[in-house]
Amino acid sequence: MERLALGIGLASQLLFSSRIVLQWVQSERAKRVLVPTLFWQISLVSSFLMIIYGMLRHDPVILAAQLISYAIYIRNLQLLGEWRKLSAPFRVGAYVFPLAMLAWFAVGNQHFSLRAMLSHGIPAGVLLLGAVGQAVFLFRFVYQWLYSERKGESVLPLSFWVVSFVGSVMILTYALLRRPVDIVLIVGNIFGTVVYARNIVLLRREPQG
């Protein structure tokens, strides 16, 4: 089961990294920060996989953060007017599958359960660091969501990338301190910090106003 969890987690991080590469390449070509619709579509699928990974790892930090992020990804697709363009089965599945997984998790089985997660054994200090890091990382999308709601369109402002960078560094530290070390979080956040820093540079070079 550990191998399955690792495989799901790495697949999720591969998708997360691919969306960042996509956004990075398009931004470099345009010499300004761009966020394609595919960025949000990949984010949604990746987040679902991370929800499963968080359950298999019995990690409350990962699970809580991904559940909220998942909802925000859907909202961004709605703001872009792309949600209704997706097939009806996909949209229904996007709503039903996470709820079904959570129900299964609450009931529990020999591989994962809510009870096992509540007795995770992660040291309090390390757990607090991870929780704060995920809260910071999650806040970027809460802020982006509120910012986009005011603008009436999906936008990623400079502050989004600054918060992303800070949160990513904190999560990377949590992954290194956690026992066993979380390879999935390390892989995902090492690359992310570089891209977040680059987007900050690109945005600061853009003319203001």
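User: What does the model rest on?
Analyst: It is a predicted model, in which local features need pLDDT of at least 70, side-chain atom pairs count only at pLDDT 80 or more, and totals for chains, interfaces and linings use all residues. Residues are numbered from 1 along each chain as its sequence is written, and side-chain values use heavy atoms, with hydrogens and water left out.

User: Where does His-58 lie?
Analyst: His-58 sits in the loop between helix H2 (37–56) and helix H3 (60–79); helices are DSSP runs of H or I with at least four residues, numbered from the N terminus.

User: Buried or exposed?
Analyst: His-58 is buried, as its relative accessible area is 16%; buried means under 20% with a 1.4 Å probe, protein chains only.

User: And what is the phi of His-58?
Analyst: Phi of His-58 is near 55 degrees, a positive value in a residue other than glycine. Most residues other than glycine have a negative phi.

User: Next, how do the axes of H3 and H4 cross?
Analyst: The axes of H3 and helix H4 (residues 88–107) cross at roughly 170 degrees and come within 12 Å; axes are lines fitted to C-alpha atoms over the stretch in contact, with angles from 0 to 180 degrees between N-to-C directions. H3 is therefore roughly antiparallel to H4, a term for angles over 145 degrees.

User: Which residues make the contact?
Analyst: Among them are Leu-63, Leu-67 and Tyr-70 of H3 and Tyr-95, Pro-98 and Phe-105 of H4, where contact means heavy atoms within 4.5 Å.

User: Which element gives the largest share of the second largest pocket's lining?
Analyst: H1 does, with 3 residues.

Definitions and conventions
Helices (H or I, at least four residues) and strands (E, at least two) are DSSP runs, numbered from the N terminus. Buried means under 20% relative accessible area, exposed over 50%, partly exposed in between (1.4 Å probe, protein chains only). Angles under 35 degrees count as roughly parallel, over 145 as roughly antiparallel, 65 to 115 as roughly perpendicular and the rest as oblique.
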